[in-house]
Structures are given as C-alpha cells and as structure tokens.
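Dear colleague,

I am passing on a structure for you to look at, together with some notes on its charged side chains. Please read the notes with the coordinates open beside them.

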Amino acid sequence: MHLIQVDSVQRWMEDLKLMTDCECMCILQSKPISIEKEEQNELILSSQYSTCDNLQLLLKRAWIISTELTRIAQKLEKNRWQRVHSMTVRVNCHVRSMINEYNTFSRSSSEEMHQLEKLLVDKCSEFTAFTERCLQTEDEEILKSMKSCVNETLTTVAQYFGQLIELVLTQEAQNLLRQIELSGSLYVTESAIGSLFSLAQEGAHLCRIIAKEGGVVALFKICRQDCFRCLYPQTLRTLASICCVEEGMHQLEKVDGILCLADILTDTSQSEATHAEAAAVIAQITSPHLTFTQHLSSFLENMEEIVTALVKLCQEASSGEVFLLASAALANITFFDTMACEILLQLNAVKILLEACSDKHIVDTPYSRDQVVTILANMSVLDQCASEIIQGNGIQLLMEMLFERSSSGNPAEAAACERVQQKSAVTLARLSRDPEVAEAAVKLSCIPRLIKLCRSPTERNNSDSVLVACLAALRRLAVMSPDGLEDSDFQQLVKPRLVDSFLLCTNMEESFV
C-alpha cells in the first residue's frame with residue numbers, strides 16, 4: 001500500500017490516535033466509555049466523515065496489524081519473549097479496535113463476517129495468554145517446545161486476519177457498486193465513484209476485488225448514460241486504475257469497453273478532460289509492461305478511430321497533462337501493433353509531435369518527451385519516416401534529447417531522462433541507414449555527443465541501456481562518416497565487438513575522460 005511511502009515522523013504523528021486508542025482498549029478491555037449506548041455512538045460517529053475516510057482508517061489499522069504480525073515473527077525467531085508478548089497484547093488491542101470501528105460505520109455485516117470476527121478475537125486472546133505463559137517460563141526446553149505452538153497460533157491469527165480483511169473489502173466494494181448501480185442521484189453516484197477510486201489506489205489486490213465484484217461493468221454503464229456526462233472524467237480515471245489487473249481487462253473486453261472508449265474519444269461534444277481520461281484508460285490497457293493484452297481483439301477493430309482521435313488530442317491539447325496522456329496512449333499503441341505506425345504516418349503525426357515539442361508549455365517534462373521519442377523510435381522502422389523527421393527538423397530534436405538531464409534529482413524523473421537519451425540514440429541509429437539523416441546528424445555534431453555519453457558515466461546517469469544505444473548509433477554514423485571520429489575513438493568504440501566496447505566504457509573511470 002502507498003502508506004509505506006509516507007515520511008516516518010508523519011506516520012508516527014498519524015498513528016498517535018490509533019496508539020492511544022490501543023492503550024484505552026488495553027485498560028478497558030473493549031468496554032464502552034459510556035454506559036448509555038446512544039451517547040457512545042454519538043461520541044464515535046462524531047469523528048467519522050465519510051465512507052472513504054472510514055475505509056482509509058480501516059486500511060491504516062490493517063496495515064499496522066500486518067506490520068506488527070511480521071515483527072512478532074521476527075522477534076520470535078530471536079526468542080525475544082518479552083517483546084513478543086508486549087507486541088501480541090498490542091495486536092490484540094488493534095484487532096479489537098479495528099472490529100469495533102468497522103462495526104460502527106458498517107451498515108450491514110454478514111453472518112460469515114461475525115463468525116470470522118469471533119474466531120479472530122478468540123485466537124488473539126489465546127495468543128496473548130500463550131505468550132504470557134511463555135514469559136513466565138524460564139526452562140529453555142519447555143520454551144523450545146512451546147515455540148512451535150506459538151508459531152502455529154501466529155500463523156492462524158494471520159490467516160483469520162487476512163480472511164477478515166478480504167471479506168470486509170469485498171463487502172465495501174459491493175456496497176459502493178450497489179450505490180452506483182441503483183442510485184439515480186448524481187451526488188450519491190459521484191461520492192461512490194470517489195470512494196471506489198480511493199480503494200483502487202490501495203493496490204492491485206483491491207483492484208482485483210473490485211473487478212471481480214463487477215466494478216468495470218458498473219463504471220462503463222455510467223459512461224453510456226448521458227445524464228452522468230459530468231462524471232465521465234472521474235469514472236474513466238477509476239477505470240484506468242482498475243484495469244491495471246487482468247481481471248479488470250477481462251471485464252472490459254466482456255462489456256465492449258474498447259468500443260465505448262472509441263465512441264467517447266471520437267465524440268466532439270465531450271470535454272477535453274473526458275477525452276484525456278479516456279486516453280489514460282487506453283494507455284493503461286495497452287501498456288507494454290502488461291502480459292495480458294493479447295485478448296484485446298476488439299482493439300484492432302477500433303484502432304484507426306482511436307489513433308486518429310489521440311493524434312487530434314495531441315494537436316489540440318491545452319495543457320502538458322493532456323498531451324502526456326494522449327501521447328502515452330499513442331506510444332503504447334505503437335508497441336501494441338505495428339500497423340499503428342503506418343496509421344500515424346498517414347495522419348502526419350510526426351509533424352504534429354515535433355511541433356508540440358517546440359511548445360514548452362505543452363511538452364514540459366521529461367515524461368512527455370519520453371512518450372514522443374518512443375513514438376519516433378517505433379515509427380523509425382518505416383522507410384518513409386526518415387523524410388518526415390528531416391522535414392520537421394526532428395534530427396535537431398533528437399540531438400537535444402541526447403542532452404536530457406534531470407534538474408530535480410527525483411529518481412523517477414532521472415529514469416525518464418535515461419529513457420529519453422536511450423530512445424533518441426536508438427532512433428538515430430535506425431534512421432541513419434538513410435544517408436540524408438546520417439549527414440544531418442553529423443552536421444549537428446551528434447558524433448561528439450555520442451562519444452561523450454559513451455565515455456562519461458555521469459552524462460548518462462551510469463545507465464548501461466543508454467551506453468548500448470549510444471554505441472549502436474555511433475557505429476551506424478561511423479559507417480556513413482568515418483572522418484568524424486578520432487583514431488582512439490574508432491579503435492575503442494567502433495572497431496571492437498560491441499560487447500568489448502561496452503565493457504571498456506563501463507569500467508572507465510571519470511578521471512580518464
């Protein structure tokens with residue numbers, strides 16, 4: 001879950017309420033503070049704001065319990081019985097608090113859930129009593145024999161806990177989807193979709209639960225109703241999150257989701273925000289990192305319409321974010337099917353993308369340039385692409401991309417910069433089979449820059465993939481213009497086998513450059 005990425009001090013401060021609740025629970029043994037039931041409910045409910053907030057609290061409590069169980073196993077291995085017992089008491093309190101909190105805001109709980117709650121609470125009590133007995137025993141042999149029983153109990157607690165969380169999340173997903181399907185209220189539907197999106201952000205496992213419960217079907221139903229047109233962007237954003245898992249993709253195929261997305265993208269009456277979010281869904285389902293896109297047969301049937309709409313969105317994008325989503329979808333499609341490159345060529349996409357790159361308000365990040373150069377790299381396998389790139393001053397752009405560096409030091413941005421350098425070198429290598437392209441690249445001093453990238457690890461952020469691409473481009477240009485290299489560069493970077501030049505450059509110290 002994304003909670004793991006939170007700063008440790010911030011985490012500690014956020015956990016204070018939960019930890020104090022834990023201490024209260026420990027002292028009062030789950031007894032209500034007030035004798036009057038109505039007063040108690042009023043006190044607890046006053047801190048509850050929405051279903052989304054309650055689910056976040058539940059997930060946070062679940063994360064704490066899961067972490068504690070892991071730590072108990074670690075301490076148990078080291079025979080730290082005092083720590084094991086104190087942590088077991090803490091887990092016991094957290095489990096009771098979690099169940100009480102959930103039952104407070106949950107509208108309905110199944111009999112199966114009540115049984116699981118009882119099993120978990122009983123097993124936690126048994127676990128606490130067990131570790132307390134171990135604490136009172138000093139005989140090493142007895143402790144050794146008891147350790148296996150403690151381990152077994154810990155495993156059972158973890159199993160019951162996992163089953164309960166799975167059931168709770170499934171029930172909450174069902175409740176939200178029921179609201180989406182049955183409510184005619186715009187406000188209720190919007191709130192339910194927002195909560196569903198928050199759930200989907202918690203990871204692939206939750207996306208699988210939502211997909212299995214019919215989330216994709218319900219959301220596409222919204223996208224087919226004009227009365228919910230203002231909710232399309234939010235609905236599509238949620239769909240993009242859910243479709244990162246195979247179950248979501250299968251559901252999308254079953255409900256003709258591709259056709260619905262094509263209709264939205266080609267509908268000129270839809271807002272730019274709606275078009276951008278539809279592009280985001282296309283980018284997600286065509287991601288080259290996914291291994292389960294082969295079944296999207298309907299995508300090929302609608303590909304020309306979709307590609308045409310995405311090129312238009314790139315051309316008319318009013319912001320960098322819109323351009324990024326549209327170009328990312330196009331980039332992924334060029335991996336998905338080679339016919340897309342031919343369609344892009346017919347649509348004059350090279351000129352449109354190159355012109356967009358000259359507008360720093362539109363192509364304003366390494367992430368956007370990464371998408372553009374990906375499209376150019378995949379299109380460069382076509383012979384007709386070379387003349388299009390030359391006419392659009394694309395060689396100059398590729399040369400500039402070889403200088404891409406991260407200004408913030410952010411790891412994600414630095415990785416994007418590496419991809420830009422690598423793909424621009426790959427594109428140059430592919431295009432340089434055309435003498436006209438090679439000549440233009442030489443005139444723009446691409447060879448010295450490629451040599452610098454090969455010899456200086458810091459220039460390429462120590463990236464091996466950038467090095468390989470630069471060596472390949474340099475060798476292609478050296479064939480076309482051998483006079484552009486000094487003898488030492490030729491002997492070390494061009495003449496040897498590629499693997500030998502690669503090893504030479506990776507072992508090269510910065511001081512020798």
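The side chains of Glu-126 and Lys-123 meet in a salt bridge, with 3.3 Å from N to O; the term stands for a side-chain nitrogen of Lys or Arg within 4 Å of a carboxyl oxygen of Asp or Glu. This is a predicted model, in which local features need pLDDT of at least 70 and side-chain atom pairs count only at pLDDT 80 or more, while totals for chains, interfaces and linings use all residues. Residues are numbered from 1 along each chain as its sequence is written, and side-chain values use heavy atoms, with hydrogens and water left out.

Glu-126 and Lys-123 are about one helical turn apart, because they sit three residues from each other in helix α5 (residues 111-135); helices here are DSSP runs of H or I with at least four residues, numbered from the N terminus. At 38% relative accessibility Glu-126 is partly exposed, whereas Lys-123, at 18%, is buried (buried is under 20% relative accessible area, exposed over 50%, partly exposed in between, with a 1.4 Å probe and protein chains only).

A salt bridge also joins Arg-71 to Glu-68, at 3.0 Å from N to O, and these two residues are three apart in helix α3 (residues 51-77).

Over the whole structure, the search finds 17 salt bridges.

Best regards
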